[in-house]
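Please consult the sequence and the coordinates shown below while reading.

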Amino acid sequence: MGRTPKSTGLSLLLAAFTVSATVKAEDPSIRWHKDVDIARKIATDTKRPLLVLVTSEACMACRHLKSKTLKDKNVASEISRSFVAVSINAGSHPELRRLRIRMYPTTLIVTPDFRVMDAIIGYIPPEQMQRRLRRASQVYIAKKGTASVQ
């Protein structure tokens, strides 16, 4: 599958900067990385996709996702087992506008080479998040890291 302009832009953008956001509300059992380059290397080495959470400080839906969905033990377990997690505060990275991410939270599931497998826009409850995570993980494994689930 060829790269779309959006996935190519994501590749360039995520490869270009180190995330410096403070991660507070997510479940402590999930290891949230702040450095995209380190997370990408871990994802490559462990053959797992990245889960990139893009949030905004003033976003109520972001707080709800963090306090409900990401604290759910099944969701946290699925993320910890199957993904390398990265959290980005959009306010700290205005260059994210180039990706046309206009709604928060945006949760991206991407391959280690930053091909978008799935994009989850807004808040979703734990059961839906777990289904989307499981599906992306299964497709990724089945396709040996070359998957696209969109």
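## The sheet and its edges

In this predicted model, strand S1 and strand S3 (residues 84-89) pair in the parallel sense over two bridges; two strands count as paired if DSSP finds at least two bridges between them. His33 has Val86 of S3 as its bridge partner. Helix H5 packs on the sheet, where it touches S2, S4 and S5, and its direction makes about 175 degrees with that of S5. Such angles run from 0 to 180 degrees between N-to-C directions, with axes fitted to C-alpha atoms, for helices over the stretch in contact. Helices (H or I, at least four residues) and strands (E, at least two) are DSSP runs, numbered from the N terminus.

The open sheet holds five strands in the order S1-S3-S2-S4-S5, with mixed pairing. Strand S1 (32-33) and strand S5 (116-121) stand at the edges with a single partner strand each, so one side of each is left without a neighbour in the sheet. Strands of a sheet pair through backbone hydrogen bonds, either parallel or antiparallel.

## Basis and confidence of the model

Residues are numbered from 1 along each chain as its sequence is written, and side-chain values use heavy atoms, with hydrogens and water left out. In this predicted model, local features need pLDDT of at least 70 and side-chain atom pairs count only at pLDDT 80 or more, whereas totals for chains, interfaces and linings use all residues.

The protein chain has an average pLDDT (the predictor's confidence in each residue, from 0 to 100) of 82, and 75% of the residues score at least 70. Over residues 16-27 pLDDT stays under 50, and the model has 37 contacts (heavy atoms within 4.5 Å) beyond four places in sequence for this stretch. Where pLDDT is low, the predicted coordinates should not be read in detail.

## Helix H3 and its cover

Helix H3 (residues 60-69) has Cys62, Leu65, Lys66 and Thr69 as its buried residues; buried means under 20% relative accessible area, exposed over 50% and partly exposed in between (1.4 Å probe, protein chains only). Seen down the axis of H3, these buried residues fall within an arc of 115 degrees, so they line one face of the helix. The arc is that of the directions from the helix axis to the C-beta atoms. The cover over the buried residues of H3 includes strand S2 (50-55), helix H4 (73-82), strand S4 (106-110) and helix H5 (126-142).

## Nonpolar cores

The largest nonpolar core has 19 residues, of which Trp32, Leu51, Leu70, Ile79, Ile109, Met129 and Leu133 touch the most other members. A nonpolar core is a set of buried Ala, Val, Leu, Ile, Met, Phe, Trp, Tyr and Cys residues joined through side-chain atoms within 4.5 Å. S2, H4, S5 and H5 each give two or more residues to this core, and H5 provides the largest share, four residues. A second, separate core of 17 residues includes Val36, Ala39, Ala90 and Val116.

Most residues other than glycine have a negative phi, and most peptide bonds are trans. Tyr104 and Pro105 are joined by a cis peptide bond, with omega about -5 degrees, and Pro105 is found in the loop between S3 and S4.

Lys47 has a positive phi, near 55 degrees, and is exposed, with a relative accessible area of 64%. Phe114 also has a positive phi, about 70 degrees, but is buried, with a relative accessible area of 2%. Lys47 is in the loop between helix H2 (36-46) and S2, and Phe114 is in the loop between S4 and S5.
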